[in-house]
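Student: Can we go through this structure together? I'd like to ask things as I look.

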Amino acid sequence: MPRPISASISLPSLKHNLAVVARQLNSFSQQDNRVAPHIWAVVKANAYGHGIHNAVRAFEQAQGLAMLDLNEAVRCREAGWSKPILMLEGFFEPADIAAFRDYSLWTTLHCQEQFDMLKATGPGRPLHALVKLNTGMNRLGFAAHQYADAYHQALAEQRRGVLDTVGKMTHFARADDNVSVTEDQFGVFLEATRDLPGPVSLCNSAATLTPRYWLWTPPEFEQWVRPGICLYGSSPFPNQSAHDLDLQPAMTLRSQIIGVQDVAAGQGVGYGHSFVAPQAMRVGVVACGYADGYPRHAPNGTPVTVDGRPTHLLGRVSMDMLIVDLTPVPQAGIGSSVVLWGHDGPSVDQVAHASGTIGYELLCALAPRVPVSVQAE
Ligand SMILES: *Cc1c(COP(=O)(O)O)cnc(C)c1O
C-alpha cells in the first residue's frame with residue numbers, strides 16, 4: 001500500500017467558484033446596464049496546484065485562460081482549449097514569438113525589449129496583445145509617461161499585420177485591503193489610457209469580487225477580469241473567509257494516523273521538543289510532512305481535522321510526518337482519517353494564516369509525490 005496521503009481535486013467545486021464569479025459579474029452589469037466583463041481564469045503554477053488538465057475541464061465556461069509558462073499553454077491547447085490564452089509575462093526571447101503564433105496565444109507587452117523583438121520579426125499569424133501599464137504595483141509594465149508611446153508602437157505593429165487586437169492592462173497591488181491606493185492606481189490607468197482604443201484588463205480576484213472596482217471602467221470598453229485564487233476556493237481578502245464568499249475548497253489534502261503515542265507530562269514531542277506536554281496526553285502521528293507541501297513553519301495549534309473533529313498540530317512538522325493532539329478525539333487510532341485542509345477540514349486559508357503565509361503558497365506547493373485524484377462530480 002502506498003502512504004495514505006492524497007489530494008483530491010473537485011471539478012464541481014472549481015465550476016461552482018467560477019459560476020459564483022460569473023453570476024456576480026452578470027448581476028452587477030445588468031444593474032449598471034452594461035455588458036458583463038469576460039473572464040480570464042488564471043491557471044498559472046499548474047492551476048495553483050490543481051492541475052492544468054483539471055482547470056481546462058472545469059473552466060470551460062470562462063472566455064479565456066491566463067498563465068505565464070509556455071509549456072502550460074501548450075498543455076491547455078493539447079487538452080482541447082481552443083478559446084483565448086493570455087500569457088501574463090509575454091514572450092521572453094524572439095524564438096518564443098513563433099510558438100505564440102503556432103499556439104495562438106495572447107501576449108502581454110510590458111517592456112521596450114519585447115517591442116524590439118516584435119519589430120524584428122517577419123510576417124506570420126498576428127498576435128493579440130495587451131500593453132501593460134505600471135500604475136503603482138512597480139512590477140511589470142510601462143511607466144505612465146511612456147505608455148502612449150508604447151501603445152502607438154503596438155498600433156503600428158497592428159498596421160504592419162504583426163499584431164491583431166491591441167488592448168490595455170494593469171495590475172492592482174492592494175485590491176484586497178486598500179481602497180484609496182486602488183483608486184489612485186485606477187486614476188493613473190484612466191489618465192494614461194483614456195484616448196486609446198481597445199479592450200481593458202485590470203482586476204485580479206480581490207478586484208473582481210469588489211464590483212465597484214471593475215465598474216470604474218467606462219462601459220464602452222470591452223473588459224476582461226483575471227480572477228485566480230478565488231476560483232480554487234481560497235479567499236483573496238485577509239478579513240473575509242472563502243466560506244463567506246460562497247467559495248468551495250477545490251483541493252482537499254487528506255491522510256491518516258499511522259502512529260499513536262502516550263506522552264507523559266513534561267515530555268517533549270518531535271524535533272527540538274518545541275512542544276512539551278503539560279499533562280499526560282495521547283498524540284497521533286500523521287503521514288504528512290513538509291516534503292508533501294505542508295508548511296514546516298506551521299506552529300503548535302494549527303488546525304487539523306481528525307475523524308471529522310477539529311484538533312491541532314503539536315510540535316515541529318517533519319519531512320514526512322506531523323503530530324496532532326488526540327485529546328479532542330479519544331476514539332481515534334491508527335487508520336483514522338485526517339484532513340489537513342479542504343472539504344470537511346480546516347480551510348487552506350486557516351492553515352496558511354496560522355503559518356504566516358497565504359493560501360496561494362500552500363496550494364501551489366503541493367508536492368509532486370502526493371497522489372492526486374480527481375472528483376468529476
Ligand atoms: C496571478 C495574477 C492574477 C490572479 O491573481 P489572484 O490574486 O490569484 O486572483 C491576475 N493578474 C496577474 C497579472 C497575475 O499575475
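**Chat about the model**

Tutor: Let's start with Ala 277. This residue counts as buried, at 2% relative accessibility. Keep in mind that the model is predicted.

Student: Where is the place of Ala 277?

Tutor: Ala 277 is in the loop between strand E12 (275–276) and strand E13 (281–286).

Student: How many residues apart in sequence are Ala 277 and Ala 41, and what about in space?

Tutor: They are 236 residues apart in sequence. In space, C-alpha to C-alpha, they are 47 Å apart.

Student: Let me zoom out. How many helices and strands does the protein chain have?

Tutor: The protein chain has 12 helices and 18 strands.

Student: And what does the C-alpha trace span along its principal axes?

Tutor: About 75 × 40 × 40 Å.

Student: What percentage of the residues in the protein chain is buried?

Tutor: Buried residues make up 52% of the 377 residues in the chain. Ala 277 is one of the buried ones.

Student: How many residues surround the ligand, and which are the closest?

Tutor: There are 14 residues around the ligand. The closest are Lys 44, Tyr 48, Ser 205, Ile 229 and Tyr 360.

Student: How do the residues of that shell divide into nonpolar, polar and charged?

Tutor: Six are nonpolar, four are polar and four are charged.

Student: What lies 2.5 Å from an oxygen atom of the ligand?

Tutor: That is a polar side-chain atom of Ser 205. A backbone N or O atom of Ile 229 lies 2.8 Å from an oxygen atom of the ligand. For Gly 228, a backbone N or O atom lies 2.9 Å from an oxygen atom of the ligand.

Student: How much of the ligand does the protein bury?

Tutor: The protein buries 92% of the 390 Å² that the ligand exposes when taken alone.

Student: Over to helix H8. Where in the chain is Thr 193?

Tutor: Thr 193 is in helix H8, which covers residues 179–193.

Student: Is Thr 193 buried or exposed?

Tutor: Thr 193 is buried, because its relative accessible area is 3%, and the cut-off for buried is under 20%.

Student: What lies 2.7 Å from a polar atom of the Thr 193 side chain?

Tutor: The backbone oxygen of Phe 189 does.

Student: Where does Gly 187 lie?

Tutor: Gly 187 lies in helix H8. With 37% relative accessibility, Gly 187 counts as partly exposed. The C-alpha atoms of Gly 187 and Phe 172 are separated by 12 Å. Along the chain, these two are 15 residues apart.

Student: Next, Asp 246. What is the phi of Asp 246?

Tutor: Phi of Asp 246 is near 65°. That is a positive value in a residue other than glycine.

Student: And where does Asp 246 lie?

Tutor: Asp 246 lies in the loop between strand E9 (223–225) and strand E10 (251–263). Asp 246 is partly exposed, with a relative accessible area of 39%.

Student: What about the phi of Asp 344?

Tutor: Asp 344 has a positive phi of about 65°, and Asp 344 is not a glycine. Its loop runs between strand E17 (337–341) and helix H11 (348–354).

Student: Why does Asp 344 count as exposed?

Tutor: Because its relative accessible area is 59%, and exposed means over 50%.

Student: Now Arg 101. Which helix does Arg 101 lie in?

Tutor: Arg 101 lies in helix H5, residues 94–102. Arg 101 is buried, with a relative accessible area of 11%. Its C-alpha atom and that of Gln 114 are separated by 15 Å. They are 13 residues apart along the chain.

Student: Last stop, Gln 331. Where is the place of Gln 331?

Tutor: Gln 331 is in the loop between strand E16 (322–325) and E17. Gln 331 counts as partly exposed, at 48% relative accessibility.

Student: How far apart are Gln 331 and Thr 108, in sequence and in space?

Tutor: In sequence, 223 residues. In space, 56 Å from C-alpha to C-alpha.

How values were computed. Residues numbered from 1 in each chain as written. Predicted model: local features only at pLDDT ≥ 70, side-chain atom pairs only at ≥ 80, totals over all residues. Heavy atoms only, no water. Near = heavy atom within 4 Å. Polar contact = N/O pair within 3.5 Å; in protein donor to acceptor, adjacent residues only side chain to side chain. Areas by Shrake-Rupley, 256 points an atom, 1.4 Å probe, with all protein chains shown as cover. Nonpolar A, V, L, I, M, F, W, Y, C, P; charged D, E, K, R; others polar. Helix = DSSP H or I, 4+ residues; strand = E, 2+ residues; numbered from the N terminus. Buried < 20%, exposed > 50% of the residue type's maximum accessible area, 1.4 Å probe, protein only.
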